[in-house]
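The sequence and structure are shown below.

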Number of protein chains: 2
Amino acid sequence: MPEPKVVTACVLLIGDEILSGRTQDANLAFLAQALGQAGIRVVEARVIPDREDAIVRAVNACRSQVDYVFTTGGIGPTHDDITAAAIARAFGLPLHRHAEAMRRLQRQYDPADLNPARLRMADMPLGAELIDNPVSQAPGFRIGNVFVLPGVPRILQAMVGGLLARLEGGRPLLTRTVAAFATEGSIAEALATVQAHHPEVSIGSYPFVRDNRLGTALVARSTDPLRLDAAVTDIAIIVRAIGVEPVVEP
Amino acid sequence: MPEPKVVTACVLLIGDEILSGRTQDANLAFLAQALGQAGIRVVEARVIPDREDAIVRAVNACRSQVDYVFTTGGIGPTHDDITAAAIARAFGLPLHRHAEAMRRLQRQYDPADLNPARLRMADMPLGAELIDNPVSQAPGFRIGNVFVLPGVPRILQAMVGGLLARLEGGRPLLTRTVAAFATEGSIAEALATVQAHHPEVSIGSYPFVRDNRLGTALVARSTDPLRLDAAVTDIAIIVRAIGVEPVVEP
């Protein structure tokens, strides 16, 4: 049986406000989970400033390496919204006012309010396909394998819902967690042995504090449910072997 | 008067758990704010998986481009903690058990508990300098312009406090915000004019919802307090010109 294809993605978070620490990004975690469930694995993310050369460089570095690139931010009406122009330059395409995007803006705004700044939200690389925005009409777009989304989490989340059905994913990555009130160091050697016995399962170890007690979450990930179960069983066994009751999360 | 030097940094967040969406990163926002106050500007961040080749590639891509690189994650005792080995490979240096790091682990653990897995936390590239860990002893390290920190936010934050005094920063980037209950599109054109008049000030526009009302935060950033004040005054004037009372945050 051939190995199922792993479908990969890179997420580019565009915005000075994330790099300055003013805004806590929430889009990466959302996209990673939503894409993961659709069988698309986020293998890298970058946070880049509102600078055209930085966006061009990151888009071109990533789009040849992965199946899909998702960008967030920089598609509003203000002068610092330069994502569309930067993506056009990255693809060597002219920036062009998209007729259907303009019609949607015309439906959303009174003619007096549809000023040149708002009309810029219809400017996209020539040949771009719209991504529907059920919240505020101003659409995102796809060009090549790059999907351009807004930065406002509520709007991004609404747009991704409609988008996922159109993307081809691989087998979703399944995750199961064994929690143990044990320190990482007390279980690390046995865990390395379990990892070596289950090379098709990726096992991660993450310390936590709960009810003032130190614990470790042992997280197994695989596209194969049977191999995942086998690794989870072995993890539970090594936890019990050091005298701790494992909690296998469903 | 010569322009003050801008001191730049790149942050590398290492960990499959961030790329899968399991863990919401909090370290970038903390580092960006702490470094910003010390006059060090984060100009890029990347989230990369627990894979040696990915870490080597990202470290070598970033360390030649910026003054400082900060990594978070992957320096614990388990098999998925591979940051130290990857950094050694990125620098072409042997991985080496650091004598003083080992002494600190010996002070922290009973001899019976200081197993091979925990001793791995003393393995660093040859020539690394320790970064003190006031919480759990296991130190981070510096090699060249790369600073290797843990992923657990509480420990990272304690370590950064002691570290900042040793770093040379530039002039801190100052930030002031004008909040307005106005949509971005209603103010975008006038704001672009203000930005054009104040090229040394970077002005960003960020929509928000407060008390069920749409608003826009207009954020001005500069290393020069006088230029910053001048831009903030102009921003307040254009907000008032559309009949909205600006709230200038202190």
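In this predicted model, helix H2 (residues 27–37) of chain B packs against helix H7 (residues 153–164) of chain B, with axes that come within 11 Å and cross at roughly 15°. Because angles under 35 degrees count as roughly parallel, H2(B) and H7(B) are described as roughly parallel to each other. The crossing in which H2(B) passes H7(B) is right-handed.

| Helix | Contact residues |
|---|---|
| H2(B) | B:Asn27, B:Phe30, B:Leu31, B:Ala34 |
| H7(B) | B:Pro153, B:Leu156, B:Gln157, B:Val160, B:Leu164 |

Sorted by class, the contact of H2(B) with H7(B) comprises seven nonpolar and two polar residues, with no charged residues.

The relation between the copies is considered next. Two copies of a chain are related by a rotation about an axis and a shift along it. Chain A is superposed on chain B by a rotation of 180° with 0.0 Å of shift along its axis, at an RMSD of 0.0 Å. The two copies are therefore related as by a two-fold rotation axis. In chain A, the residue that comes closest to the rotation axis is A:Arg46, at 2.1 Å (C-alpha). Of the interface residues of chain A, 100% are also interface residues in chain B, so the copies meet through the same surface.

As for confidence, chain A has an average pLDDT of 94, and 98% of the residues score at least 70. For the complex, the predictor gives an ipTM of 0.93 and a pTM of 0.94.

Notes:
Residues numbered from 1 in each chain as written. Chains lettered and ligands numbered in written order. Predicted model: local features only at pLDDT ≥ 70, side-chain atom pairs only at ≥ 80, totals over all residues. Axes fitted to C-alpha atoms, helices over the stretch in contact; angles between N-to-C directions. Helix = DSSP H or I, 4+ residues; strand = E, 2+ residues; numbered from the N terminus. Parallel < 35°, antiparallel > 145°, perpendicular 65-115°, else oblique. Left-handed = near helix turned anticlockwise from the far one by under 90°. Contact = placed C-beta atoms within 7 Å. Nonpolar A, V, L, I, M, F, W, Y, C, P; charged D, E, K, R; others polar. Least-squares fit on C-alpha atoms with pLDDT ≥ 70 in both. pLDDT = per-residue confidence, 0-100.
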